[in-house]
Amino acid sequence: MGLNWEFTGGETELDPDELNGLLIPLIATRADLDEYEQANIQKARIGLARRRITPNLLLSETFIKRLHKMMYADVWKWAGTFRKTEKNIGVDPVHIAVDLRQLLDDARYQLEHDTFSPDEFAIRLKHRLVSIHCFVNGNGRHARLFADLLIKSLGAEPFTWGAFSEMPDVREIYFTALRKADRGDVKPMMVFARS
Ligand SMILES: Nc1ncnc2c1ncn2[C@@H]1O[C@H](COP(=O)(O)OP(=O)(O)O)[C@@H](O)[C@H]1O
Ligand SMILES: [Mg+2]
């Protein structure tokens with residue numbers, strides 16, 4: 001299994017055991033991996049587009065896991081299961097289930113009480129979700145797709161996540177927004193998500 005895994009920062013590193021969870025032996029480079037994951041995610045998007053998804057359905061551990069599984073099950077054996085190892089990003093793995101439960105409880109409360117605008121609600125949730133880092137890999141894309149489904153279920157347009165940004169370094173803007181969100185300021189991420 002010769003995957004040439006390049007760690008570039010701002011992402012989770014995989015240990016050898018987790019890399020052994022690769023279901024497609026032909027994947028040899030990071031670019032191949034990105035391509036296979038992208039195809040799997042596209043398949044998930046098509047499947048999801050046909051369904052009517054309510055906020056209540058989304059706000060459950062079952063859905064969070066199912067979404068990850070839909071996005072990555074063609075590529076990774078551990079798709080849809082919580083990580084068991086510590087990462088450079090995210091909570092101690094023993095706290096994942098409890099922190100996620102707290103996040104989902106808070107979200108249901110905020111929704112019921114209209115605590116935030118739909119955009120702020122979805123972006124705050126997305127940030128907390130990716131900060132828990134439930135899975136070995138794919139957490140960023142999973143949290144963004146989750147936020148898209150959530151905002152759509154609230155009757156708004158999906159986010160664009162910098163796709164229409166005219167700034168040269170979109171990735172850098174995203175990471176700056178992440179760091180601001182880590183300190184409690186979610187506005188830059190809200191702007192980025194609509195750019
Ligand atoms: N400081 C941070 N705070 C919160 N989330 C972060 C931080 N740094 C990176 N992330 C999130 O983690 C993601 C990378 O995790 P990873 O599991 O590799 O996801 P993916 O494979 O989809 O990129 C980034 O896309 C980003 O959303
Ligand atoms: Mg990654």
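Colleague: Hi! Before we count anything, what counts as a helix or a strand here?

Modeller: Helices are DSSP runs of H or I with at least four residues, and strands are runs of E with at least two; they are numbered from the N terminus. Keep in mind that this is a predicted model.

Colleague: What share of the residues is buried?

Modeller: Buried residues are 27% of the 195 in the chain. As for contacts with a separation of 6 or more, 65% of them join residues 24 or more positions apart.

Colleague: Let's move to the helices. At what angle do α5 and α6 pack?

Modeller: The angle is about 175°, and the axes are 10 Å apart. Angles over 145 degrees count as roughly antiparallel, and α5 and α6 are therefore roughly antiparallel to each other.

Colleague: Which residues meet there?

Modeller: From α5, the list includes Ile96, Leu100, Leu103 and Leu111, and among those they meet in α6 are Phe121, Leu125 and Ile132. By class, the contact of α5 with α6 has 9 nonpolar, 1 polar and 2 charged residues.

Colleague: New topic: how many residues surround ligand 1?

Modeller: Ligand 1 is surrounded by 14 residues, and the closest are Glu11, Thr12, Asn139, Gly140 and Arg141. Helices α6 (118–132), α7 (139–153) and α8 (170–182) each give two or more residues to that shell.

Colleague: How does the shell around ligand 1 split by class?

Modeller: It has 3 nonpolar, 7 polar and 4 charged residues.

Colleague: Why is phenylalanine 192 called buried?

Modeller: Because 23 other C-beta atoms lie within 10 Å of its own, and 20 or more is the cut-off for buried.

Colleague: Which residues does phenylalanine 192 touch?

Modeller: Leaving out residues up to four places away in sequence, phenylalanine 192 touches Gly162, Ile173, Tyr174 and Ala177. Also, phenylalanine 164 is 28 residues from phenylalanine 192 in sequence, and their C-alpha atoms are 9.7 Å apart in space.

Terms used:
Residues are numbered from 1 along each chain as its sequence is written. Chains are lettered from A and ligands numbered from 1 in the order in which they are written. This is a predicted model: local features need pLDDT of at least 70, side-chain atom pairs count only at pLDDT 80 or more; totals for chains, interfaces and linings use all residues. A residue is near a molecule or strand if its C-beta atom, placed from the backbone, lies within 6 Å of it. Ala, Val, Leu, Ile, Met, Phe, Trp, Tyr, Cys and Pro count as nonpolar, Asp, Glu, Lys and Arg as charged, and the others, Gly among them, as polar. A residue is buried if 20 or more other C-beta atoms lie within 10 Å of its own, exposed if 12 or fewer, and partly exposed in between; C-beta atoms are placed from the backbone. Two residues are in contact if their C-beta atoms, placed from the backbone, lie within 7 Å. Axes are lines fitted to C-alpha atoms, for helices over the stretch in contact, and angles run from 0 to 180 degrees between N-to-C directions. Angles under 35 degrees count as roughly parallel, over 145 as roughly antiparallel, 65 to 115 as roughly perpendicular and the rest as oblique.
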